[in-house]
Each structure stands twice: as structure tokens, then as C-alpha cells.
Amino acid sequence: MTTDVINDQSEHDSHDGGHHDHKMTGLKRWLYTTNHKDIGSMYLWFSFIMFLTGGAMALVIRAELFQPGLQIVEPDFFNQMTTVHGLIMVFGAIMPAFTGLANWMLPMMVGAPDMALPRLNNWSFWILPFAFAILLSSFFMESGAPNFGWTFYAPLSTTYSNGSTAFFVFAVHIMGISSIMGAINIVVTIMNMRAPGMTYMKMPLFVWTFFITAYLLIAVMPVLAGTVTMVLTDTYFGTSFFDAAGGGDPVMFQHIFWFFGHPEVYIMILPAFGIVSTTIPAFSRKKLFGYSSMVYATASIAFLSFIVWAHHMFTTGMPLFGELFFMYCTMLIAVPTGVKVFNWAATMWRGSISFETPMLFSIAFVILFTIGGFSGLMLAMTPVDFQYHDTYFVVAHFHYVLVTGALFSIFAGAYYWLPKWTGYMYNDTLSKWHFWCSLVSVNLLFFPMHFLGLAGMPRRIPDYALQFADFNKWVSIGGFAFGLSQLIFLVLVIKCIKGGEKAPAKPWDGAEGLEWTVASPAPYHTFTTPPKID
Amino acid sequence: MTNRESQNKLSKQTQLQTKDASVKKTVKKLMLIVFGMFGFGFAMVPLYDVFCDITGLNGKTSNVAASYKGVSIDTERTITVQFLTRTAKGIPWRFEPMINEVKVHPGERKIVKFYAKNESVSDIVGQAVPSVSPGRAAIYFQKIECFCFNNQPLKASEDVEMGLQFYVDLDLPDDVSTITLSYTLYDITSSVDS
Amino acid sequence: MKRRNLGLLLLGSSLSSSVWADMSLNLTKGVTEVSRDVYDLHMLVLYICTAIGVVVFGAMFWSMVFHRKSKGAKPATFHESTKVEILWTAIPVVILIAMAVPATITLIDMENNDDADITVQVTGSQWKWHYKYFDQDIEFYSVLSTPREQYENQDGTSAEKGENYLLEVDRPLVIPINKKVRFVITSDDVIHAWWVPAFAVKQDANPGFINEAWTKVDKPGTYRGQCAELCGKDHGFMPIVVEVKTEADYAIWLDEQKQMKANAAAAEAASLTASVSMDELMQLGETTYTAYCAACHQVSGQGLPPAFPALKGSAVATTGPVSEHINIVYNGKAGTGMQGYGKQLSLKEIAAVVTYERNAWGNNTGDAVQAADVKAASGAAVASITDTVAQVVTDVKEQVADKAADVIPAEDLSKVYSQDELMVMGEKVYMTACVACHQANGEGMAPVFPALKGSAIATGDIAVHVDMVLNGSKKNPAMAAFASQLTKTQIAAVVTYERNAWGNNTGDLVQPADVAASAK
């Protein structure tokens with residue numbers, strides 16, 4: 001299949017000797033494309049649209065929580081909002097954004113002409129919109145959308161579901177298949193398509209993190225598929241995997257789900273590590289400190305992620321030894337994660353630092369992600385987790401990790417490579433506005449949630465006791481500010497695509513990597529002749 | 001097309017073919033992992049049960065009868081065994097232990113009775129599901145004979161006294177002195193019928 | 001700690017408003033030894049994290065300030081150091097061990113559920129809690145008591161919210177101080193979690209399985225918590241309130257509960273013989289419906305399909321048999337969100353709510369359901385609560401019917417009896433019709449069955465006394481009307497007896513004619 005693509009090429013006067021397809025025009029170009037850059041762009045756009053959709057739902061949640069009492073929505077619709085917000089952000093925004101970055105950058109970083117399986121690549125993207133169409137269509141059904149939380153704990157999602165389970169299950173199946181195909185493509189590309197001379201330990205850390213993430217995906221997405229299948233048969237076909245009446249056990253659901261769920265958390269953060277490990281050295285003008293320990297730390301985090309799942313379940317009534325085991329393993333994760341943070345700090349130490357927007361987002365990432373890591377460490381302590389569990393403290397924790405962590409790293413990556421993608425420099429002032437507005441509002445949004453949680457506000461409630469009113473008001477204001485700030489990014493990207501100052505092949509003087517050896521914008525085909533790595 | 005170009009193209013093609021083969025190999029291996037992990041998801045169901053049996057996780061007790069060896073009775077220790085019952089939604093049965101708690105010595109056999117009455121106008125099949133707390137005591141709570149091993153059909157207005165014969169294992173950890181046994185009663189008429 | 005709170009308060013004061021002061025910014029210290037241990041652990045980790053944060057972020061900010069390109073900093077070339085890397089792997093391990101040790105100790109303590117003084121079975125269901133005291137015969141549901149108008153503000157109007165808005169219940173759990181109270185937690189439907197922050201107790205309620213937790217509170221007071229696991233629509237509306245009382249107060253409370261239970265049982269028994277008018281049924285039905293059913297089936301009866309079906313025009317509430325309707329309300333429906341209300345509502349309330357559902361929203365079936373119908377249709381489950389009392393009442397009725405005939409062969413309202421005749425006859429009647437409740441010595445069984453000996457009724461106004469026996473009590477449903485069960489002569493006799501026995505000695509003689517007069 002790879003040969004087909006290359007045989008179809010006609011000569012083109014691109015300066016790096018690249019070739020050019022008979023590029024189709026209009027919709028067909030995007031429907032039939034097997035080009036990793038096209039597919040990468042589609043992934044990124046799709047994830048941004050999903051990010052805005054999921055964000056709109058978050059704003060409904062924050063509007064309802066602006067003051068005590070039920071003002072805007074019914075509790076059931078509120079639950080639908082929290083559920084679909086979670087699903088969209090996890091499976092629709094963060095994961096596809098990383099896949100998009102992988103598609104765009106991996107082949108260029110390893111010196112390959114394209115992904116190893118370009119048609120599979122097209123397919124894995126194009127089933128995604130259908131998955132989310134199914135999920136979102138449930139809003140217009142009599143049943144309403146899924147309302148059992150993105151964690152879909154049985155039996156709330158089975159016996160007691162509102163009838164949206166089937167839509168949910170099929171949507172998740174398709175998302176899962178898409179992710180698995182994407183992951184297979186990444187692994188195969190990295191294993192087979194590296195330029196001659198690029199040994200594993202010479203790969204950029206970005207490539208390493210995606211390599212390990214892809215393995216995690218391949219290992220756990222099938223488990224998720226199994227879980228949703230069991231939920232489906234429990235709901236509609238009379239099995240009782242999770243129903244005590246038939247000999248099942250609802251707690252088993254949580255074990256299987258979190259066996260997927262915890263590695264999933266790292267699927268959303270390891271690529272972020274890869275991105276900032278690329279940007280921080282570039283803007284510190286100094287090589288990444290401790291490259292090999294970074295690789296080993298990533299691998300050990302990935303390994304540990306398989307044996308900590310039950311720390312999400314301390315209150316389910318685990319035996320003492322189970323609680324201790326999972327507490328110790330979870331605390332252990334702090335070690336490799338700490339190594340990473342120390343390495344980034346050491347990379348900046350005695351560098352020659354400048355503060356372009358990608359660097360700003362990267363620094364914010366390191367600090368805010370670390371705050372999320374601290375609250376994670378607190379949550380790991382079983383006795384204290386009894387107090388934190390299922391409160392806003394947890395909400396604060398995972399939003400620090402996923403918004404100021406994963407999302408900020410994606411912004412850092414986008415600002416870093418945008419000139420390479422579009423061929424134009426973006427508006428620097430706008431990007432700084434985007435950063436500072438996001439930084440201030442995101443902390444106003446999520447930091448007070450720590451206090452709400454400690455004061456005793458449970459998560460996933462549409463209304464709350466009066467003592468939580470003031471903080472919730474500020475959180476809601478922060479939420480709307482953060483949401484609006486993202487529109488700056490949308491404007492900036494559109495402007496940058498339309499034109500602006502021409503970007504040189506390597507706009508950042510400290511940047512390293514093969515992607516900067518090709519022109520900006522990157523030609524449609526790059527590295528049809530593999531580069532030589534010493 | 002010049003000669004050199006076509007030669008170039010040929011060598012490129014062979015190169016790509018070998019690459020193609022190794023790609024296929026990798027894909028196959030990865031697909032194996034995918035299917036293996038999908039299977040593993042389901043394998044977790046029996047694995048979980050085995051794990052529960054070994055550790056008493058979640059207070060699950062064995063659903064096969066234990067045989068009473070009756071080697072010795074540890075009269076030094078007295079264990080309080082409490083009985084709780086709960087009827088699930090939609091089962092119009094009265095279901096309660098006839099005695100709230102008993103004191104037993106480890107190794108000693110005890111029989112207690114539970115009372116059930118179908119208070120509806122239709123025939124119903126009930127199934128009691130046991131759960132033991134603390135969970136780690138579950139594996140030491142041995143049921144020689146229990147109504148929960150089988151389902152219990154009751155005609156309309158029929159009642160029954162159901163027996164539970166058990167003993168507490170001699171190896172029960174020292175720091176456990178109270179065991180709570182709870183039964184939740186479910187209506188399984190529809191699944192028995194079909 | 002104080003200093004830190006001060007800082008946060010300063011931050012807080014800039015945003016402050018009326019209720020600000022009510023919310024603590026930190027984890028609660030709670031009122032148990034365990035909760036204080038947990039709080040200490042929380043502070044320990046918080047301090048350690050803050051210290052690490054200061055060091056790491058400090059280094060980063062130092063580089064940002066002093067190693068910036070704009071200041072002409074030239075980048076160093078080092079990019080690895082095995083020594084440093086081993087060091088910052090090892091130091092965190094040591095810190096982690098220092099944290100794990102106290103955590104393990106606290107955890108072992110928390111998980112020791114043995115040797116409890118009191119055991120309470122806690123059952124969650126959508127969306128209320130049920131408490132059952134293991135060795136006391138007490139059980140009850142605990143439901144949110146914040147009125148609907150306070151939180152349903154979608155139409156723009158909102159009633160003023162009370163102090164404990166969404167954190168108040170109709171019947172709190174009550175436990176004594178300084179006793180180890182063990183909670184055995186389970187659920188009737190989906191997973192809930194029972195959480196009281198002041199005790200540092202949070203345990204999931206899993207359907208079909210039990211979980212344990214314990215507490216030993218050293219300070220009396222009212223402690224509030226909430227369900228902490230998403231359990232469907234009204235997850236945010238199932239608070240937990242625990243009242244911790246001194247041992248003496250707890251004993252008083254236990255007594256009160258037993259009395260209340262007897263009251264309820266008596267009322268239940270009385271309702272079986274009563275025939276309630278349609279108007280009253282509809283009225284009671286509507287209040288009950290709003291409190292218990294409207295959350296799912298909606299005030300409009302249109303439900304939230306498909307999970308919560310409409311009742312308006314539905315087969316169950318219109319064309320279907322009444323008994324099936326009662327059965328669903330009483331026992332719930334397996335495999336759905338519909339729970340059984342048999343243990344939560346009285347027979348009369350269930351009768352009323354079924355009547356209401358069959359006649360509201362244009363259902364207009366005209367069916368009026370009585371408590372007795374509920375009892376018949378739902379099976380004798382009722383008897384489990386009211387067995388004894390119901391038995392007593394039925395027995396009395398039978399006996400009265402049997403024996404009434406031989407006591408007085410024919411009734412002559414104009415006949416005037418002597419005190420002796422009245423007293424002999426009265427004692428006979430009393431011993432069949434009244435003794436079961438008011439006892440042979442006239443001392444009754446307080447509080448449901450009041451004493452007659454020395455009572456205001458039996459020593460006060462004769463007309464009131466006669467009226468009470470003829471028509472029953474309006475306040476206490478346990479006191480039935482005897483007008484149709486006893487002859488006027490018998491009533492005259494029994495009233496005379498009650499007014500002169502046990503030292504009541506009023507000397508009043510009541511003749512059949514007097515009874516006839518007040519019966520008109």
C-alpha cells in the first residue's frame with residue numbers, strides 16, 4: 001500500500017526533492033487523503049471543534065452552578081452535561097489533538113515520508129466524526145444523552161440507565177477502534193520508518209513518549225471495549241456481569257474500568273511530557289537534561305500505570321492489604337514524575353531563556369502540572385483520600401493535570417509548530433493575550449475548587465449548600481473567562497493560515513530536529529528520500 | 001524516464017517491499033495484543049471471582065458447600081455472628097433472620113434459620129445473595145448448608161423457614177471478633193422462567 | 001497553620017460577602033480521633049508538597065530571572081549528571097516513606113471495625129437514606145427536608161433559602177458520644193456513598209454487598225454530609241445528618257422512637273377500618289405525591305421518559321387493575337428505578353397516593369382506594385409492622401360482635417338502671433371492648449393508649465366522654481368509634497364504669513337515654 005502512494009507521485013519542484021500528489025480539490029481531497037499532514041490537520045481541527053463543544057457544556061455546568069438553586073437546567077440534564085463534557089474532552093479533544101500532533105510531526109521527526117499505514121490513517125480519522133455524531137445525537141432522542149458520568153459506573157449505566165446506553169456504547173466502540181488504529185499506525189511507523197542511523201536512543205523524546213503512549217493505547221483500549229460490551233449485554237441482553245442478583249458484582253465494573261482508566265490518564269499526559277521536553281530545550285537553548293532518564297521515567301510511569309488502578313476505588317470497601325498496596329504503588333509514581341520535573345528545571349537552569357509563547361505555555365505547564373501532581377500525591381494517601389474522594393478536590397486535581405497539563409502542552413506544541421504548518425508567523429501579541437488570559441482565568445477557574453473540595457462539596461451535583469456559594473461564583477466567572485479566551489486562539493490560527501509574516505524553515509534559533517530542516521510550510525511530501533542521521 | 005531513474009526506482013521499490021513486509025509483521029503482532037487484551041477484559045471476570053475467593057475481596061463468600069471437618073473447637077475465642085437481611089426492589093417478600101446474632105466458637109457448627117414469606121398474590125422465585133463483612137473474614141466463614149446455594153421458589157402467600165448451617169474457620173485472624181453476614185433477596189422469577 | 005489560614009483569609013476577605021465566613025478553607029478537623037489523624041496527615045502532605053514546590057519552582061524562577069537570553073545569558077552545555085539524577089530519585093523515595101508510615105498506621109486504625117458498641121445498617125436508595133439500628137427495633141428513612149420551592153428556581157422565583165439549605169433531613173441519624181458505632185453500608189439500587197466529613201467516614205454503598213465503617217465521636221452536635229457517588233438525577237439532594245447525643249439524651253431518644261413506632265402502628269391499624277372520603281384522599285394524595293413521587297414522575301404526572309414513565313394516561317394508573325397499581329407502589333418494580341414505598345409510607349398515604357394518581361391529570365378513573373385495599377392488594381406485609389395492634393383490634397371487634405348479644409338481650413332506651421347494674425354490665429363491656437388497649441387497671445399503654453384512671457376524659461364532662469366512645473377520637477386514630485359496635489345501653493354502662501372504677505369515683509350515672517341524646 002505504501003508503494004502505491006509513491007508510484008502515484010509526479011515530479012514536483014519542491015526544493016527538498018519531495019513529490020506531489022494529484023491533489024484532489026474540495027471535499028474529496030479531505031475525504032480521500034492519505035497524507036499524514038492532511039490527516040494531522042483534520043485531527044487538530046476536529047479536536048478543536050470538540051474542545052469548543054465540550055467547553056460549551058462546561059459553561060452550561062458553570063452557569064448552573066453560578067449560584068445556589070436550580071436556575072437553568074434540570075438535574076438530569078445537568079448530569080448529561082457533566083457526562084458528555086467528560087467524554088468529549090477525553091476522547092474528542094485531548095486524545096485526537098495528540099493524534100493530530102503525532103500525525104503531523106512523527107514522520108517528519110523520524111525522517112519518514114508518511115505514516116506507515118496511510119489508508120488506515122484516513123480511516124481512523126474519518127470514523128471519529130461518526131462516533132461523536134452518534135454520541136451527540138442522543139441529546140435529540142427521547143432518552144436524552146448519557147447521564148451516568150463519563151466513568152459510567154454500573155448499575156447506574158445498566159439497569160438504571162435512561163436508555164442512552166446503546167448510543168454511548170457504540171460511540172465508545174468506534175472511538176476505541178479509531179484510537180487503536182491510530183496507535184498501531186504510530187508504533188508501526190516508529191518501528192519501521194525511522195531514517196537510517198536513527199537508533200531508538202537517538203529519537204527525539206517527543207517520539208519516545210508517543211511510542212510508549214501508543215503501546216498503552218493498544219493495551220488498554222481493548223479492555224475499554226470489553227467493558228462497554230459487558231455494559232451493553234447487561235443492559236439489553238440479560239447478562240449479569242455487574243448485577244448482584246445474577247451473581248455479578250458492581251465493584252468488578254470499577255476494577256475493569258479503572259484498569260483501562262488509569263493508563264488512559266497517562267495516555268493523556270505522556271505525550272504532553274514529550275511536547276514540553278521539545279519546547280523547553282529549544283527556548284532554553286540548551287540540550288534536554290537527562291535524556292535517557294527521561295525515557296526510562298516515561299517507561300516506568302507507563303508500567304506503574306497498570307498497577308495503581310484501584311486508587312480510584314479506595315472507598316469501595318477494599319481489604320486493608322489492597323488499600324496499602326495501591327497506596328504504595330501510587331505514591332511510587334511520584335518518583336519518575338518528579339525526575340521529569342527536576343529534569344525540566346535542570347534544563348532551564350543556566351540556559352539562555354527567552355519567552356516566546358510556546359515557552360510560556362511550557363513553563364505554565366511544568367508549574368501547574370506539578371501542582372496537579374501534588375494534589376495527586378495527596379489523593380494517593382488512602383486515609384486522606386476518604387475525605388477527598390469524589391469532591392471538588394478531585395475535580396481540581398484532574399483539571400490541573402488535564403487542562404493546565406495536557407491542554408497547555410497542546411497549545412505549546414501548536415504555537416511551536418504553527419509556523420511550520422502554515423508557513424506564516426502568527427500574531428505574537430494575540431498569542432500573548434491568549435496565554436495570559438488563559439493563565440489567569442484557568443487558575444481562577446480551578447484553584448478555588450481545591451477549597452470547595454476540602455470544605456466538603458461533592459462533585460457532580462447541580463446545586464449546593466450555601467457556604468459554597470461565593471467560591472462557586474468565582475469559579476464560574478473563571479470558567480467563562482477561560483472559555484472566551486480560547487476564541488482568541490481560534491482567531492489567531494485562522495489569521496495565521498490566511499497569511500502574515502513569512503516563516504523561515506527554522507523560526508526558533510534553539511530548535512532542534514529534522515522537522516526544521518524542511519521548508520515552512522512543510523511541503524506536501526517530505527523525506528521521500530530518507531535523511532542521513534549520524 | 002532515464003535508465004538511472006528507473007534503476008533508482010527499482011531499488012527503491014525493493015527497499016519498500018522489505019519495509020512493507022516488516023510493517024505487516026509488526027501490525028500482526030500488534031493486532032495480537034489488541035485481541036489478547038480484549039479477551040483479557042473478559043478474562044478479568046472469572047479472574048476477579050477467583051481473586052475474591054482467595055482473598056474474600058468485597059465480602060464474597062463461596063457459593064459451594066463447605067464440608068465440615070470438625071477437628072476441634074477453639075473454646076478460647078467467641079465470635080459474634082450478626083445477620084442482616086434486605087429485600088431488593090420489587091420483591092414483595094418478608095425476609096428476616098429469626099435470630100439477630102449468635103455467638104460461636106471457631107470450629108463449632110451452628111444452625112440458624114431465616115424466615116421468608118411471599119406476601120404477594122403471585123408465585124415468585126427468590127435468590128438470596130450473601131455478603132460478609134469484614135471482607136477478609138469471608139473466606140473463614142464456611143457455609144455447610146445454605147438456602148443461598150439455590151434459588152427459593154415460593155407460591156403466593158407461602159412461607160418457609162430456611163436454614164443456614166455454618167462454622168467459622170479456626171484460622172480466622174485474631175483481630176476479628178465480629179462477623180456480619182448480610183443477605184439481599186432478589187426476584188429472579190423472570191430469569192428462571194426463561 | 002494559623003498563619004496559613006490568615007493568608008487565605010486575607011485573600012478571602014477581598015472577595016468576601018455574607019456567607020463567606022461559614023465556609024472553612026481547609027479540611028475539617030472533625031470530631032473523632034481518626035478524623036484528627038486524617039487532618040494531621042493532610043497537613044503533613046500539604047507542607048511537604050509546599051516545601052518541594054518552593055524549591056523546584058524557586059529554581060525555575062531563578063533561571064527565568066537570571067538565565068534569560070535578554071540579559072545576555074549564555075547557555076551552559078551540561079545535559080546530564082548521574083549523581084544528581086540518582087540524588088533526586090532517592091530523596092523523593094525517602095520523603096515518600098516518611099509519608100507512608102503515618103498513613104499506614106491511620107489506615108489500619110480506620111479499617112478496624114471490630115468490637116463495636118452499636119451497629120447501624122445504612123442503606124442508600126434513590127435518593128434517600130435508610131437507617132436501621134441493629135439491636136434496637138428502630139428503622140426509618142431519612143429524606144431531604146428542604147422545601148422544593150427553595151431549590152426549584154427555573155421560573156425565576158426562588159423562596160428564601162434556609163440556613164441548612166440542602167443539608168437538612170426529616171429524620172436524622174442519632175448516635176451517642178464515646179461509643180464505637182459501626183455502620184454496615186449497602187444500597188437498594190445504584191451505588192451511593194455515605195459521607196460525613198466530621199467523622200472522616202466515606203464508604204460506598206454497593207447494591208447486594210455490605211461495607212463497613214466506624215466512628216467514635218467525642219463531641220455532641222449535629223454533623224452534616226452528602227452522598228458522594230453519582231447516583232442519578234437527585235444525587236445532589238440526598239444529604240446525611242447525624243445528631244450525636246450524650247448517652248442520657250440518646251436513651252431518651254430511643255424511648256421516643258419506640259413510642260413513635262407504637263403510635264404509627266396504632267394509626268396504621270385504625271386506618272384499616274376507616275373509610276376516608278375522596279376529597280381527603282385526593283388532598284393527602286397530592287401532598288404525598290409531591291413529596292415522594294414528583295421528583296421522578298413530575299408534578300404534571302408526565303414523568304421523564306423513558307427512565308421515569310408518565311403516569312398521566314398510563315395503563316397502570318388508569319385501565320390497569322387497582323391491585324397491580326398498589327403492588328407497584330408498595331413493593332416497587334424490579335429492574336427499574338421504581339422503589340417500594342411499603343416501608344416508607346403509611347397504608348393510608350399509599351391509598352391516598354394511588355387514588356390521587358388514578359384521578360389527577362385527567363386520569364379520572366373515579367377509583368377511591370382505602371388503606372384496607374392496600375393491605376389486601378399488597379399482601380399481608382403490613383402485618384409485619386402492625387401485626388399486634390391489628391390483631392388486637394380485630395379480636396376486639398369479633399369478641400364484641402360475639403358477646404354483645406348475650407350481655408343485653410333487648411334494648412330499652414327509656415329504662416333507668418341502678419349504679420350496681422350499670423357497673424356490673426359496664427365492667428363486662430369494658431373487659432371485652434376496651435381492656436385490650438386501656439388495660440384492666442385503667443392505666444392504658446401510654447402514649448398511644450392513654451390511661452383512663454384519673455384521666456380528664458373519664459372524670460370531666462360526661463358529654464365529651466360519651467362522644468368519645470360513640471364516635472372515636474379525632475386526634476388519635478387508635479381510638480375507634482363504638483357507636484355501631486355497642487348498644488346504647490352498653491355504652492351507657494361502660495361510661496358509667498369508667499367514671500367510677502379505679503378510684504375515679506365521680507358518682508356519675510349515665511343512662512341509655514343520655515347516650516341516645518348525645519348520639520343524635
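Predicted model: local features only at pLDDT ≥ 70, side-chain atom pairs only at ≥ 80, totals over all residues.
Q: OK. How many residues of chain C are in contact with chain B?
A: On the chain C side there are 31, and they meet 26 residues of chain B.

Q: What's the side of chain C that touches chain B made of, by class?
A: There are 16 polar residues, eight nonpolar and seven charged.

Q: Now the contact of chain A with chain C. How many residues does it take from each?
A: Chain A puts in 82 residues and chain C 86.

Q: Which parts of chain A each supply at least two residues there?
A: On the side of chain A that touches chain C, these are α4, α9 (250–267), α12 (320–348), α13 (357–380), α14 (382–388), α16 (428–455) and α17 (469–498). The largest share of that side comes from α12(A), which supplies 14 residues.

Q: How do the residues of the side of chain A that touches chain C divide?
A: Into 47 nonpolar, 24 polar and 11 charged.

Q: You listed α4 of chain A. How does α4(A) sit against α7(A), parallel or perpendicular?
A: The axes of α4 (residues 75–110) and α7 (residues 165–192) of chain A cross at roughly 20° and come within 11 Å. Angles under 35 degrees count as roughly parallel, so α4(A) and α7(A) are roughly parallel to each other. The crossing of α4(A) past α7(A) is left-handed.

Q: Which residues in α4(A) and α7(A) meet?
A: From α4(A), A:Phe91, A:Met95, A:Thr99, A:Ala102, A:Leu106, A:Pro107 and A:Val110. From α7(A), they meet A:Met175, A:Ser179, A:Gly182, A:Ile186, A:Thr189 and A:Ile190. That contact of α4(A) with α7(A) has nine nonpolar residues, four polar and no charged.

Q: What about α10 and α15 of chain A, at what angle do they pack?
A: At about 40°, with the axes of α10 (residues 270–284) and α15 (residues 392–422) 9 Å apart.

Q: Changing topic. Where is there a cis peptide bond in chain A?
A: Between A:Ser520 and A:Pro521, with omega about -10°. A:Pro521 is in the segment after α17 of chain A.

Q: Which residues of chain C does a cis peptide bond join?
A: C:Gln126 and C:Trp127, with omega about -5°. C:Trp127 is in the loop between β1 and β2 (128–133) of chain C.

Q: Which non-glycine in chain A has a positive phi?
A: A:Arg460, with a phi of about 60°. A:Arg460 sits in the loop between α16 and α17 of chain A.

Q: Is A:Arg460 buried or exposed?
A: A:Arg460 is buried, because 20 other C-beta atoms lie within 10 Å.

Q: What about C:Asn364, buried or exposed?
A: C:Asn364 counts as exposed, because it has 10 C-beta neighbours inside 10 Å. C:Asn364 has a positive phi of about 35°, and its place is the loop between α8 (347–359) and α9 (371–378) of chain C.

Q: What is the mean pLDDT of chain C?
A: The mean is 82, and 87% of the residues of chain C reach 70 or more. Residues 1–21 of chain C are below 50, and pLDDT also stays under 50 over residues 380–409 of chain C.

Q: And the mean pLDDT of chain A?
A: It is 91, with 96% of the residues of chain A at 70 or more. Residues 1–21 of chain A are below 50.

Q: What does the model score overall?
A: ipTM is 0.90 and pTM is 0.81.

Notes
Residues numbered from 1 in each chain as written. Chains lettered and ligands numbered in written order. Contact = placed C-beta atoms within 7 Å. Nonpolar A, V, L, I, M, F, W, Y, C, P; charged D, E, K, R; others polar. Axes fitted to C-alpha atoms, helices over the stretch in contact; angles between N-to-C directions. Helix = DSSP H or I, 4+ residues; strand = E, 2+ residues; numbered from the N terminus. Parallel < 35°, antiparallel > 145°, perpendicular 65-115°, else oblique. Left-handed = near helix turned anticlockwise from the far one by under 90°. pLDDT = per-residue confidence, 0-100. Buried ≥ 20, exposed ≤ 12 C-beta atoms within 10 Å, placed from the backbone.
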